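Please look at the sequence and the model first.

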Amino acid sequence: MDCYVIIVAAGSGKRMNADLPKQFHLLQGKPVLMHSIEAFAGSAMSPEIIIVLNADFHSYWKELCVQHNFFIPHQLIAGGTERFHSVKNALDCISPGESLIAVHDAVRPVITDELITRCYNEAEVKGSVIPVTESRDSLRIIRGSGTEALSRADILIVQTPQVFRGDVLKEAYQQTFSSVFTDDASVVEKAGFRISTTAGAPSNIKITYPEDLAIATLYLGMKA
C-alpha cells in the first residue's frame with residue numbers, strides 16, 4: 001500500500017504564551033515541526049509527507065526551511081478553521097487507491113521509528129490503530145458542583161500517529177463537522193468503524209507548555 005502522513009501544524013499554540021505558534025519554537029536548534037518531519041522521513045515506512053499549516057505561515061515556513069537547510073520533500077496544504085477541516089483538506093490531495101494514512105501532531109517531535117512502523121503495520125491488518133498509554137496520575141471527573149474519583153484502569157491517554165486505511169479515513173471525513181471530533185479516531189468511530197489500540201510511549205509527548213520543550217530536549221538527547 002502507498003503510505004502517507006498528514007502532519008497537522010495549523011494550531012496557534014496559545015497556551016505557550018507566545019506570539020509564535022509552538023510548532024515553530026526551537027528545539028535543539030531547529031523548529032519543532034522539523035523534528036516531526038525528520039522522524040517520518042527517516043522511518044522504515046518512508047511515507048509521503050503532507051504538512052497542514054495555517055496559510056498565513058506558509059511563507060515563514062519556507063524561509064525557515066532555507067535558513068535551516070531543510071529540504072526533506074513534503075507537500076504544503078492550507079489549514080482549516082478546525083483540525084477536522086485541516087485533515088480534510090489534506091485528504092483531498094491524496095489520490096484514490098489502497099493506502100495507509102497516518103495523522104500526526106506536529107508538536108510530537110519525539111516519535112520513534114518503532115512506534116511509527118508498528119502503527120502502520122497494525123493499521124494495515126486492523127483498518128485503524130491509535131497509540132495509547134495508561135494514566136500515571138489519579139483522576140477525578142466533574143459531577144455537578146463536585147468531583148468524583150475515576151479508576152485509572154478505565155482510562156487511556158491517546159497519542160498520535162493515528163493510522164488508518166485510506167478508504168476508512170476518507171469515508172469518515174465525509175461527515176459534517178461536529179464538536180465531538182477531538183481527534184481522527186473520534187471521527188472514524190462516529191462513522192461506525194472500530195478503533196484498535198496499540199501501546200504508545202511516555203516519551204511521545206505533545207509540546208503544549210514552555211516546560212515541555214525542556215522535557216523534549218531531554219528525551220531527544222536520550223534517543224540520540
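Predicted model: local features only at pLDDT ≥ 70, side-chain atom pairs only at ≥ 80, totals over all residues.

Residues are numbered from 1 along each chain as its sequence is written, and side-chain values use heavy atoms, with hydrogens and water left out.

**Nonpolar cores**
- The largest nonpolar core has 28 residues (buried Ala, Val, Leu, Ile, Met, Phe, Trp, Tyr and Cys joined through side-chain atoms within 4.5 Å; buried means under 20% relative accessible area with a 1.4 Å probe, protein chains only).
- Two or more of its residues come from each of β1 (2-9), α1 (32-41), β4 (48-53), α2 (58-67), β6 (99-105) and α4 (113-126) (helices are DSSP runs of H or I, at least four residues, and strands runs of E, at least two, numbered from the N terminus).
- A second, separate core of 25 residues includes A90, L91, V132 and A172.

**D183**
- D183 sits in the loop between α5 (166-172) and α6 (184-190).
- The side chain of D183 reaches the backbone nitrogen of A185 at 3.4 Å.

**L20**
- L20 is found in the loop between β1 and β2 (26-27).
- The C-alpha atoms of L20 and L33 are 13 Å apart, and the two residues are 13 residues apart along the chain.

Methods
Polar contact = N/O pair within 3.5 Å; in protein donor to acceptor, adjacent residues only side chain to side chain. Buried < 20%, exposed > 50% of the residue type's maximum accessible area, 1.4 Å probe, protein only.
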